[in-house]
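Here are a few exercises to work through with the viewer open. Try each one yourself before reading the solution.

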Amino acid sequence: MTVDVERLKERMVEFIHGLQDDICGALEQMDGKARFREDPWQRPGGGGGRSRVLEDGAVLEKGGVSTSVVFGELEEAFAKKLQGEGRTFWAGGISLVLHPRNPHAPTVHANYRFIHQGGKAWFGGGADLTPHYLYDEDAVHFHRVHKEACDRHDPAYYPRFKETCDKYFYLRHREESRGVGGIFFENLGGDLEREFALVRDAGRAFLPAYLPILERRKDLPFTEAQRFWQEVRRGRYVEFNLVWDRGTTFGLETKGRTESILMSLPPQVRWRYDHHPAPGSEEARLVEVLRNPRDWAGGR
C-alpha cells in the first residue's frame, strides 16, 4: 500500500498541536499558579511554530512545550548528514522540557517528529527522565508506562528503544548518562502508518508517565544543599544539549528560531570546579546509577 506522505504530514501536524494543548492544559492545572505564554514564530526559509513557555510557577520553575512545522532547502553539507536525499526537506514535531522547582522532582524531556527529505520520510523521537535525586519507583513507573505503549505495537520495541536511549543520552566527556533514560528511536524503516500509530501512543503516554511522579515529589521538603546539587546536575543537562544533542544542531542548522531551540535550558544552573558528591550519599548513588544503566521496566 502506497502511503500518502502529504496527508500524513497534515495528520502529524493535527496530532502534535492537539498533544501540545493537552500537555499544556494538564501542566497548568498541576502547577496552579503560572500559565504558558504562546509565542508564534515564522521561519524565513519556510514554516514556523508555536512556542509555549511557562516560567516561575509554583511547581515548574521553567517549562517549554513547542511545536514546529518547517520546510525549504537545507545547506548542502548539513543535508548530507541526514538520512534522506537531496536538500529539500519538511519537518514537523513537538518538543518539551520541564524543569521542576523541587530538587526531588525530575526534569523530563520528550520529542516526536516526522521528517521528509527528498524521496524519504521517517519518524523519530522518544522521552527520557533526568532525576537529581533517585527514586527507584519513579524510574520504574516512567519506563513501564512507555513499555506498555511500545508493547501495543511490537514487544521488541521497548528493549531496543531503551538501549538506543541509553546510548544517545550519554555524556561521553563525563562517562555518565544524562538521566535514567526512557525510549528513543529514529527511522524504523517500516510502514509509515504503523510508525505514526506508535508515535501517537508514545506521545500520549507522556502525561501518565510523568504527572504521577511530579505529584509525588513536588511538595517534598528540601534543603539549600539539595538545591545546590540540583543546579549542578542541571549543568550536566546544559552540557548535553549544547555539545551532543542532534535536535539542537538540527534546529540551528535549519535556521529555526533560536529562543525556541534553546528553551530547553534551565533557568538557574551551576558549575563547581571538580565537584564530587560525598561517598555513600544519595547524590553519589545517583552518579553511580548514571554510570551503570539499569533494567528499570524489570524493576532492577
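Rings of Phe, Tyr and Trp (its six-membered ring) count as a pair if their centres lie within 6.5 Å. Keep in mind that this is a predicted model.

**Exercise 1. Find which residues ring pairs link into a cluster.**

Solution. Start with the total: the structure holds 13 aromatic pairs. Now follow the pairs from ring to ring. Phe15, Trp90, Phe114, Phe123 and Phe196 end up linked into a cluster.

**Exercise 2. Classify the pair formed by Tyr157 and Phe161, and say where its two residues sit.**

Solution. Step one is the geometry: the structure's 13 aromatic pairs include Tyr157 and Phe161, with 4.9 Å centre to centre and 20° between the planes. Planes under 30 degrees apart count as stacked, and stacked is what this pair is.

Step two is the location. Both residues belong to helix H4 (residues 157-168), and because they are four residues apart there, about one helical turn separates them.

Step three is the burial check, where the cut-off is under 20% relative accessible area. Tyr157 has 12% relative accessibility, so Tyr157 counts as buried. Phe161 has a relative accessible area of 1%, so Phe161 is buried too.

**Exercise 3. Work out whether the radius of gyration of the chain agrees with that of a compact globule.**

Solution. For the overall extent, the C-alpha atoms fill a box of roughly 55 × 40 × 40 Å along the principal axes.

Then go inside the fold. Its secondary structure amounts to ten helices and nine strands, and 57% of the 300 residues count as buried. Take the contacts between residues at least 6 apart in sequence: 70% of them join residues at least 24 apart.

**Exercise 4. Describe the surface and the charges of the chain.**

Solution. Counting charged side chains gives 44 positive and 46 negative, and the centres of the two sets lie 1 Å apart.

Terms used. Residues numbered from 1 in each chain as written. Predicted model: local features only at pLDDT ≥ 70, side-chain atom pairs only at ≥ 80, totals over all residues. Heavy atoms only, no water. Rg over C-alpha atoms; globule rule 2.2 N^0.38 Å. Buried < 20%, exposed > 50% of the residue type's maximum accessible area, 1.4 Å probe, protein only. Contact = heavy atoms within 4.5 Å. Areas by Shrake-Rupley, 256 points an atom, 1.4 Å probe, with all protein chains shown as cover. Lys, Arg positive; Asp, Glu negative; His and termini not counted. Charge placed at Lys NZ, Arg CZ, Asp CG, Glu CD. Phe/Tyr/Trp six-rings, centres within 6.5 Å; stacked < 30°, edge-to-face > 60°.
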